[in-house]
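Dear colleague,

Please find the structure below, together with its sequence. My notes on what was found in it follow.

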Amino acid sequence: MTYAIQELVIRDVAPVDVEEITGLVAAAMWDGPVARWLHPDAEVRRRDSPRYFEIFVEHAVRYGEVYATSDYDTGRVSGVALWFPLTAEIPPPLDYEQRMKEVTGPAYDRNCELDAAIEARHPTDPHHYLAFLAVHPENQGRGIGSALLDRHHARLDEAGIPAYLEANDPRNRDLYLRHGYRIRSVIELPGGPPLWSMWRMPMN
């Protein structure tokens with residue numbers, strides 16, 4: 001199914017091109033505040049980001065819901081949202097610990113700190129979890145992120161299901177605030193940037 005929004009098309013991605021989606025997420029997030037905290041070396045960060053994000057994209061393909069935006073003119077995927085319906089138990093990513101050790105190398109301990117900090121604040125009530133909302137740098141500022149949020153929020157509102165996420169910079173935090181999220185807490189990373197734990201109740 002597709003949803004036309006201005007010059008964009010939002011679609012459920014099936015079948016999912018894991019490599020394409022991974023590439024987009026890496027392009028959008030490899031130089032973000034949390035990524036820089038995990039890997040201060042820009043060259044290492046750029047090199048290893050696709051393998052890091054591939055773990056989560058593959059997991060979303062198996063157990064989550066993947067939406068993407070496509071340009072009418074080029075057909076290229078320009079934005080993607082990876083959701084996990086945590087209304088039932090979902091297993092962890094396949095071989096997560098071993099794959100993280102291989103991908104993060106000397107930053108593995110810091111990655112464990114990140115995982116522990118996020119897990120400690122994650123709500124236990126049934127909800128949908130937005131793991132990643134990524135827009136290609138060339139396409140940012142066009143409302144793609146908002147369109148992707150609206151697409152899934154409409155479903156959540158109809159079903160009466162709340163949503164949860166962690167915002168990783170003030171700009172993203174403010175975007176989510178405009179879409180009905182409220183800050184639950186601030187997650188402090190040791191010597192790193194803050195993350196905002198955010199919750200959205202369904203709207204009637």
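A crossing of two helices is called right-handed if the near helix is turned clockwise from the far one by less than a right angle, and left-handed if anticlockwise. In this predicted model, helix 1 passes helix 3 in a right-handed crossing.

The geometry of this pair is as follows.

On the side of helix 1, the contact is formed by Val18, Ile21, Thr22, Val25, Ala26 and Met29. Their counterparts in helix 3 are Ser49, Pro50, Phe53, Glu54, Val57, Glu58 and Val61. Sorted by class, the contact comprises 9 nonpolar, 2 polar and 2 charged residues.

Asn111 counts as buried because its relative accessibility is 1%, and the cut-off for buried is under 20%. Leaving aside residues up to four places away in sequence, Asn111 touches Leu38, Tyr52, Tyr96, Met100 and Thr104.

Finally, a word on confidence. The average pLDDT of the chain is 89, and 90% of the residues score at least 70. Over residues 1–11, however, pLDDT stays under 50. For that stretch the model has 38 contacts beyond four places in sequence.

With kind regards

How values were computed. Residues numbered from 1 in each chain as written. Predicted model: local features only at pLDDT ≥ 70, side-chain atom pairs only at ≥ 80, totals over all residues. Heavy atoms only, no water. Helix = DSSP H or I, 4+ residues; strand = E, 2+ residues; numbered from the N terminus. Contact = heavy atoms within 4.5 Å. Nonpolar A, V, L, I, M, F, W, Y, C, P; charged D, E, K, R; others polar. Buried < 20%, exposed > 50% of the residue type's maximum accessible area, 1.4 Å probe, protein only. pLDDT = per-residue confidence, 0-100.
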